[in-house]
Amino acid sequence: MARVIGIGHQDFGQLISKGIFYVDKTSLIKEWWENNDAVTLITRSRRFGKTLNRW
């Protein structure tokens, strides 16, 4: 059975039972946090998250 990339799944048990591909980015976040860059650019998809920045 081919493994698929799961998008939008929040239950880790479901990922395992269905054999969905999972990428753990914990170490990437740790590396970014400890890098001490002067500037970090975090991009977003078009039309995504605009309401999150409103007061």
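Student: How many helices and how many strands make up the secondary structure of the protein chain?

Tutor: Helices (H or I, at least four residues) and strands (E, at least two) are DSSP runs, numbered from the N terminus. Here the protein chain has two helices and zero strands. This is a predicted model, in which local features need pLDDT of at least 70 and side-chain atom pairs count only at pLDDT 80 or more, while totals for chains, interfaces and linings use all residues. Residues are numbered from 1 along each chain as its sequence is written, and side-chain values use heavy atoms, with hydrogens and water left out.

Student: What percentage of the residues of the protein chain count as buried?

Tutor: Buried means under 20% relative accessible area, exposed over 50%, and partly exposed in between (1.4 Å probe, protein chains only). Of the 55 residues of the chain, 7% are buried. The chain exposes about 6,100 Å², with 56% of that supplied by carbon and sulfur atoms; such areas come from the Shrake-Rupley method with a 1.4 Å probe, and for residues only the protein chains shown count as cover.

Student: Why does H2 lie largely in the open?

Tutor: The number of buried residues among the nine of H2 is zero, so the helix lies largely in the open.

Student: Which residue forms a salt bridge with Glu-34?

Tutor: A salt bridge is a side-chain nitrogen of Lys or Arg within 4 Å of a carboxyl oxygen of Asp or Glu. Glu-34 is paired with Lys-30, their closest N and O atoms being 3.1 Å apart. Both residues belong to helix H2 and are four residues apart, about one turn of the helix. An α-helix has 3.6 residues a turn, so residues three or four places apart point the same way. A search of the whole structure finds one salt bridge.

Student: Which residues make the nonpolar surface patch?

Tutor: Patches are made of residues with over 30% relative accessible area and no salt bridge: like charges are joined within 9 Å, nonpolar side chains (Val, Leu, Ile, Met, Phe, Trp, Tyr) within 5 Å. Ile-5, Ile-7, Phe-21 and Val-23 make a nonpolar patch of about 470 Å². Ile-5, in the segment before helix H1 (12–18), is exposed, with a relative accessible area of 65%.

Student: Where is Gly-19 placed?

Tutor: Gly-19 is in the loop between H1 and H2. Contact means heavy atoms within 4.5 Å. Leaving aside neighbours within four places in sequence, Gly-19 is in contact with Arg-3 and Val-4.
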